[in-house]
Amino acid sequence: MLYPSYLAITLISLVAFTWYATLQIENLYLEQKAESLFEHARIVREVILDKSDWTNNIQDTLTRLKNESALRFTIIAKNGTVLADTDEKPDEMENHADRPEIKAAYKGNRGTSTRYSFTLEQEMMYVAIPLEKQEIKNVIRVSQSINSILAALNSIYMRIFIAFAGIAVFAAMMSLFVSTLIQRPLKELSKSMKEFSSGNLDHRVPQGRTYEFSSLADSANEMAAELVNRIEDYSRQKNEQDAILSSMIEGVIAVDTNERILKINNAAAGFLNTSVKNSVGKLIHETVRNSELLDFVAETLSSNGDRLERNIVFKEDTEKYFQVHGTRLTDQNGVELGALIVLNDVTRLRKLESIRKDFVANVSHELKTPITSIKASAETLFDNHLEDEAQKKDFLNIIIKGADRLYAIIEDLLSLSRIEQQSETTEIEMDEHLLADSIEAAVKTCEKRAKEKNIDVKVKCPKSRKAAYNEHLIEQALVNLIDNAIKYSEKDKSVHISCGNDDGYVTIEVRDEGFGIDEEHFPRLFERFYRIDKARSRNMGGTGLGLAIVKHIVEAHRGKITVESRPKKGSAFTLHLPE
Ligand code: ADP
């Protein structure tokens, strides 16, 4: 587009200039001609007025003055009648009063007119001046054909036109050259801009040949580099934000004022059983089914900016408890963007709290039973002054049994809390030990009870088998398991203890032929104070803490405990310790 515009401007200027110049030349020529005709008219006037009686033989006088010049002289009276003429017979000539040059001369001015003479068939120039200087009665007119002038002008026009054509071609070529000079870098620039807009910001605008284009290219390249920096900054910030959000344990949801999800992190998507991809851009009620949470979002959006807090329960397969915080989101200028909701999964805390409450209740209950019997027996002894020694003994026995029970419970509770403290604060001390030695020591501790029930404890463990563990704790765990195996078996049965390996663990199995355990109890078997048959357990002197202690001990060793059992067939508890 640049070249045609250039060419048009150049040609229009050229045409205008040529037109103006030729007009000026033509005017100059004609003015000069008119001036020369006026000069002749004045001379003729002087000659005529020289004679006092000039009207006589005026025709002859004029003819003489004309001599052989190509000029034509005419004298016209005020009424337009031609008095004398050098070229025509005056009587045959029409009235000249309406001719413009004659009219001007009668008014005392110089009259000029250029027109085509049909009589002479030529383009003529007429000039007229008043004959009399005072009172104008007649007018003298001089005329001449201007065909020769027009011919001369035509030849000038021709030369001007040729020059015009030459200049026009030159101008066209120059325009083409200049526009190409400007267009090339412009095209480069526009190509580069397209590259930038298509995302290729590593592209660079080539340097132009002119200073202006070079600085334009520099500015464009600087702009692209700046954009790259900004985009990098922006994406780094975004990545950081995303990384922070996705690594948060708390669920975060940002919604706009129309409750459309702007952002949601992995944790929140997990809580809501959805994915980040499926939630962003959707309305919150399309993703969230929990009406309490939906109400909370709406409440946060219509709040006055205070931070809201609520406890919300999600009832799905399992109950989940959330502590939810909500704040309104505003930008730096205070314009409202929506709301930010933060979800804290407090299910574990709640469970721990309920375990703690249950534990306190259980401990109180467990302690209450022996204390009640101790108190009752002591009161009976105190109030009734019993004479019968046998009766006294019975009550004293109850008191001793109760005290033993209290002692056992407190002893178990203390060892539980000791193990807990040890495994929480420091790593427990572990050394290489021979499994057979530890088993033998545990069996020895339980020997008395086993003998009471005539239960045979059989050990099958290679002498050399070693593992790293805390000797005292593992012995305690084994004592608890062997003690249970004896407690929950009929008389004359056997208990089998064996060692082995299983998937990176050293195992010690304590198998009995006792009452067995129904599968439904397995999940809760290792909880504190969980007992299948409370009465039987108590009768056997159980506290309900034995297996909880075993579990704590193996977990402190980063191991695990498993159970296999069938009612009336027997049970097998296996300790797994890392090799
Ligand atoms: P307790 O002091 O009552 O024995 P434990 O924690 O050692 O408490 O055991 C919890 C419960 O598991 C017991 O009350 C008993 O019902 C059951 N149990 C544990 N070991 C065995 C076993 N070897 N055979 C059958 N039941 C067992």
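1. How many residues surround the ligand, and which are the closest? The shell holds 20 residues, the closest being N484, Y488, S537, T543 and G544, where a residue counts as near if one of its heavy atoms lies within 4 Å of the molecule. This is a predicted model, in which local features need pLDDT of at least 70 and side-chain atom pairs count only at pLDDT 80 or more, whereas totals for chains, interfaces and linings use all residues. Residues are numbered from 1 along each chain as its sequence is written, and side-chain values use heavy atoms, with hydrogens and water left out.

2. Polar backbone atoms of G544 and of L547 each lie 2.8 Å from an oxygen atom of the ligand, and a polar backbone atom of I532 is 3.4 Å from a ligand oxygen. Taken alone the ligand exposes 520 Å², of which the protein buries 97% (Shrake-Rupley method, 1.4 Å probe).

3. Two or more residues of the shell come from each of α13 (471-487), α15 (546-556) and β17 (570-578), and α13 gives the largest share, three residues (helices are DSSP runs of H or I with at least four residues, strands runs of E with at least two).

4. The largest nonpolar core has 49 residues, and L478, I482, I497, F573 and L575 have the most contacts inside it (buried residues, under 20% relative accessible area with a 1.4 Å probe and protein chains only, joined through side-chain atoms within 4.5 Å). To this core α13 gives the most, nine residues.

How values were computed
Polar contact = N/O pair within 3.5 Å; in protein donor to acceptor, adjacent residues only side chain to side chain. Buried < 20%, exposed > 50% of the residue type's maximum accessible area, 1.4 Å probe, protein only.
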